[in-house]
Amino acid sequence: MQAWRVHENGEPGAVMRREEVEPPAPGEGQVLLRVRAANVNFPDALLCRGHYQVRPPLPFTPGVEVCAETGDGRRVITTAALPHGGFAEYALADAAGLLPAPDALDDAEAAALHIGYQTGWFGLHRRAALKEGETLLVHAAAGGVGSAAVQLGKAAGATVIGVVGGPEKAAVARALGCDLVIDRRSEDVVAAVKAATGGRGADVIYDPVGGEAYQQSAKCVAFEGRIVIVGFASGTVPAPALNHALVKNYSILGLHWGLYAAKDPASIARCHETLTGYAAKGLIKPLIGERVPFARAADAVQRVADGTTTGRLVVLPEGAHA
């Protein structure tokens, strides 16, 4: 089979190599899946660099999220079992982690549902307890992670403010349903949020960026507001001033969605049922920026690493038409 493999850590565009290899053999509790579509996530870039919290043995195939087909023909979504990830014709996954792909979504959309929307749902509801009528601020609102949070925020009845970089991404965020879009390149984010909320600030802030975005969040979070820390796409891990959190009476909440698989796996299945219902009603639909041919997988991961993409890039095996 064809697979993209990493033999040494570095930038994805430099270290991902397309090779002909034997299909992987499932271990105990695992299944072999035929990949229908593989979504590109920022962790795929971190895996290539050797900077992710999980470091699979070299060589490995990245691609942590797939829509795939089981041996008995079921269409499923899941996270791949590294080192045999989704940027290949076949991948491995834990049998217990397979979820039915929603009928309302095509293969590329389904491949982009699992991690981003589960992270968004757990972040907004389990961690931040977002309420109808509250104001939600989403950083990188036109990106893969942010766009999911925007849709989930609207589904929950929140007023959603999206922060983006540039007019093209601003247009995408508006189309997603943001009530207000702030272009961080040309506007003062903190001043714009306070103006939009009558000086109160945002009740919940969803931050997959870190760095300067977090500093802005701390300055425009409301009384009893919640800042959800999802990741550090900026490459800078902020050091929160805890005295500031105390004085302004807000919460800083960490979210590592992957822990739920170990600590509370039933909650993931329940969340998937909710997301499937949302998809059937048209409340959520993954924003696919590009359906990428298999031959350009390394370039796609590099572009996600560089932060130049809008929505999700999904890699399709040769012959697929998702």
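User: What share of the 322 residues in the chain is made up of buried residues?

Analyst: In this predicted model, buried residues make up 54% of the 322 residues in the chain, where a residue counts as buried when its relative accessible area is under 20%. The accessible surface of the chain comes to about 13700 Å², and 52% of that surface belongs to carbon and sulfur atoms.

User: Why does the radius of gyration of the chain agree with that of a compact globule?

Analyst: For 322 residues, a compact globule would have a radius of gyration near 20 Å, and the chain has 19 Å, so the value agrees with the rule. Along its principal axes, the C-alpha trace spans about 60 × 40 × 35 Å. Of the contacts in the chain with a separation of 6 or more, 65% are accounted for by residues 24 or more positions apart.

User: Why are helices α4 and α11 called roughly perpendicular to each other?

Analyst: Helix α4 (residues 114–127) and helix α11 (residues 265–281) pack at an angle of about 100°, with their axes 10 Å apart. Angles of 65 to 115 degrees count as roughly perpendicular, and α4 and α11 are therefore given that description.

User: Which residues make the contact between α4 and α11, and how do they divide into nonpolar, polar and charged?

Analyst: On the α4 side the contact is made by His114, Tyr117, Gln118, Trp121, Phe122 and Arg126, and on the α11 side by Ser267, Ile268, Arg270, Cys271, His272, Thr274 and Leu275. The residues of this contact divide into six nonpolar, five polar and two charged.

User: What makes helix α12 mostly covered, and what do its buried residues pack against?

Analyst: Seven of the ten residues of helix α12 (residues 297–306) are buried, namely Ala297, Ala298, Ala300, Val301, Gln302, Val304 and Ala305. These buried residues pack against strands β1 (2–6), β2 (16–20), β14 (288–293) and β15 (312–316), as well as helices α1 (12–15) and α2 (42–49). Just after α12, Gly307 takes a positive phi of about 75°.

User: Is Ala262 buried or exposed, and how do you know?

Analyst: Ala262, which is found in helix α10 (residues 259–263), has a relative accessible area of 63%. Exposed means a relative accessible area over 50%, and Ala262 is therefore exposed.

User: How far is the C-alpha atom of Ala262 from that of Gly85?

Analyst: The C-alpha atoms of Ala262 and Gly85 are separated by 20 Å, and the two residues lie 177 residues apart along the chain.

Definitions and conventions: Residues are numbered from 1 along each chain as its sequence is written. This is a predicted model: local features need pLDDT of at least 70, side-chain atom pairs count only at pLDDT 80 or more; totals for chains, interfaces and linings use all residues. Side-chain values use heavy atoms; hydrogens and water are left out. Axes are lines fitted to C-alpha atoms, for helices over the stretch in contact, and angles run from 0 to 180 degrees between N-to-C directions. Helices (H or I, at least four residues) and strands (E, at least two) are DSSP runs, numbered from the N terminus. Angles under 35 degrees count as roughly parallel, over 145 as roughly antiparallel, 65 to 115 as roughly perpendicular and the rest as oblique. Contact means heavy atoms within 4.5 Å. Ala, Val, Leu, Ile, Met, Phe, Trp, Tyr, Cys and Pro count as nonpolar, Asp, Glu, Lys and Arg as charged, and the others, Gly among them, as polar. The radius of gyration is taken over C-alpha atoms; the globule rule is 2.2 Å times the number of residues to the power 0.38. Buried means under 20% relative accessible area, exposed over 50%, partly exposed in between (1.4 Å probe, protein chains only). Accessible areas come from the Shrake-Rupley method with a 1.4 Å probe; for residues, only the protein chains shown count as cover.
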